[in-house]
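This briefing takes up how the parts of one chain meet. Please look over the sequence and the structure before reading the points below.

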Amino acid sequence: MSTASESYSSTYDFIIAGGGLAGLSLAYYLSQSSLENAKILIIDQSEKKENDKTWCFWEAQPNAFDEIVRQKWNGVWFHGSRNFSQFLPIDEYQYKLIRSADFYQFIYKAISRKNNINILIDSILSIEKDIDNKPQVKTVKGIYKASQIVFDSTFRSPYTDTQYSQMLQHFKGWVIETDEPSFDETKPTMFDFNVEQNDECRFVYVLPYSKTKALVEYTIFSDNLLEDSVYDNELKDYITHQLKIAHYRIEEVEKGVIPMSDEPCIQIPDHGIVRIGTSGGYVKASTGYSFTRTQRILKNLVRDLEQAKGNFDSFEKEKKVWRKDTYIPNWKALLDSILLDVMLKNRHSSKDIFTCLFSKNRPAQILKFLDEDTSLLEDLAIMHTVPIIPFLKSAFVVIFRKIWLFLR
Ligand SMILES: Cc1cc2nc3c(=O)[nH]c(=O)nc-3n(C[C@H](O)[C@H](O)[C@H](O)COP(=O)(O)OP(=O)(O)OC[C@H]3O[C@@H](n4cnc5c(N)ncnc54)[C@H](O)[C@@H]3O)c2cc1C
């Protein structure tokens with residue numbers, strides 16, 4: 001790996017635009033594959049030394065990054081409607097936490113032995129085709145060409161088409177430290193819906209690092225962002241009244257907005273340019289989770305690249321160049337759209353829907369369902385446990401809308 005500016009060449013096999021979760025994961029999987037000798041340039045505007053994100057996800061298997069998993073738990077607290085408040089075992093799964101700073105360091109170290117992978121700290125201005133129809137990336141410092149593919153994780157879809165459900169998951173969290181033991185580090189809270197819902201989906205999660213340190217995050221699913229002071233006041237209120245902690249220090253602040261949209265994402269906008277990560281629509285529309293999906297999709301993508309053996313025309317054809325008007329959602333995407341519509345239109349309280357899901361099913365089954373690993377029969381059994389009328393209304397609206405969008 002090289003970061004010295006004089007060592008950059010102008011052409012690479014692959015360019016990875018954006019070295020965040022998706023970009024660095026892709027570089028890592030490529031470095032472990034039969035394409036390990038490909039010449040790769042990763043471009044990011046920052047050196048990724050800060051902990052800008054805390055990723056939580058559940059898994060039944062170990063992953064490539066297990067050695068940097070900071071915390072893992074065998075169950076989660078759920079506080080919902082109808083006085084349902086339980087610590088739920090998650091059986092075959094573990095709920096895991098990775099700090100992004102550890103992740104960036106892990107990948108940088110793993111690729112540091114490779115002379116064929118360069119990292120450039122620079123701002124990308126555009127990604128386009130050159131006069132020879134090859135993809136290239138323009139940055140403040142120069143122009144870098146890819147003989148094969150530019151993977152782009154920097155593009156941000158506007159998600160403004162009102163024909164689709166457009167929601168945002170927005171949140172603010174504090175890592176707080178206390179002098180007295182205040183947390184049980186073996187028991188995280190995945191959902192605490194016992195906060196004012198305001199006709200939206202609002203909850204807090206608490207991820208304990210130790211008896212005296214935890215990340216407390218206030219999260220909202222809605223279609224508009226709030227003033228910063230609202231998140232702060234809600235966090236203060238929760239820490240004081242629910243956690244009953246009077247004295248604490250704020251060690252870190254985490255803020256974020258994740259798109260929750262069923263608008264189809266154009267993954268291959270042009271020959272030789274492939275969008276990955278949030279840019280490629282990897283976020284699960286109805287939950288905002290994407291860590292596990294990103295790993296799964298990128299591992300498959302690298303396998304497909306290996307099989308393409310340099311013939312990326314056929315790779316792209318197989319990957320289907322999505323156009324919005326020809327996109328037909330599969331069953332899982334349809335379910336996602338329905339759940340999104342129920343929440344967005346507030347057809348039933350989200351707090352109650354999540355409570356039904358987690359209290360009337362085996363919690364591990366719901367995690368499997370959210371990972372889209374359940375069968376059709378299992379999906380139908382789960383759908384039988386949520387209020388049926390609001391879901392039927394949304395199903396009707398979503399299916400009608402999809403047909404209309406397809407035919408127009
Ligand atoms: C604070 C936060 C917490 C999250 N927590 C979870 C979680 O717990 N579980 C989960 O499943 N998902 C979570 N997500 C959602 C998702 O997993 C993350 O957003 C994830 O980082 C997405 O990966 P990505 O590669 O698409 O984007 P990023 O990781 O954001 O990477 C994009 C990279 O592109 C770079 N970049 C952008 N524009 C330019 C430019 N013009 N020039 C150069 N570089 C550029 C950025 O610096 C960045 O490094 C979280 C998201 C946020 C924001």
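A salt bridge here is a side-chain nitrogen of Lys or Arg within 4 Å of a carboxyl oxygen of Asp or Glu. By that definition, the count between domain 1 and domain 2 is one salt bridge, in a model that is predicted.

**Domains**

- The domain assignment of the chain gives three entries, namely domain 1 (5-52 + 98-160 + 263-324), domain 2 (166-261) and domain 3 (328-407).
- Between the C-alpha centres of domain 1 and domain 2 the separation is 32 Å.

**Interface of domain 1 and domain 2**

- In this interface, 13 residues of domain 1 are in contact with 11 residues of domain 2, and the area buried between the two domains is about 1,000 Å², with carbon and sulfur atoms giving 49% of that area.
- Of the area that domain 1 buries against domain 2, 40% is supplied by Arg99, Tyr159 and Ala285, which is more than any other three residues supply.
- Arg99 also forms a salt bridge with Glu252, in which the closest N and O atoms are 2.8 Å apart.
- Six residue pairs are found in polar contact across the interface of domain 1 and domain 2, while the side of domain 1 that touches domain 2 has, by class, four nonpolar, six polar and three charged residues.

**Hairpin of S5 and S6**

- Strand S5 (residues 75-79) pairs with strand S6 (residues 85-89) in the antiparallel sense over five bridges, and Gly75 stands opposite Pro89 in S6.
- Five residues lie between the strands of this hairpin, in which Arg82 takes a positive phi near 50 degrees.

How values were computed:
Residues numbered from 1 in each chain as written. Predicted model: local features only at pLDDT ≥ 70, side-chain atom pairs only at ≥ 80, totals over all residues. Heavy atoms only, no water. Pairing = 2+ DSSP bridges. Helix = DSSP H or I, 4+ residues; strand = E, 2+ residues; numbered from the N terminus. Domains from an automatic or database assignment. Contact = heavy atoms within 4.5 Å. Buried area = accessible area lost by both parts, 1.4 Å probe. Polar contact = N/O pair within 3.5 Å; in protein donor to acceptor, adjacent residues only side chain to side chain. Nonpolar A, V, L, I, M, F, W, Y, C, P; charged D, E, K, R; others polar.
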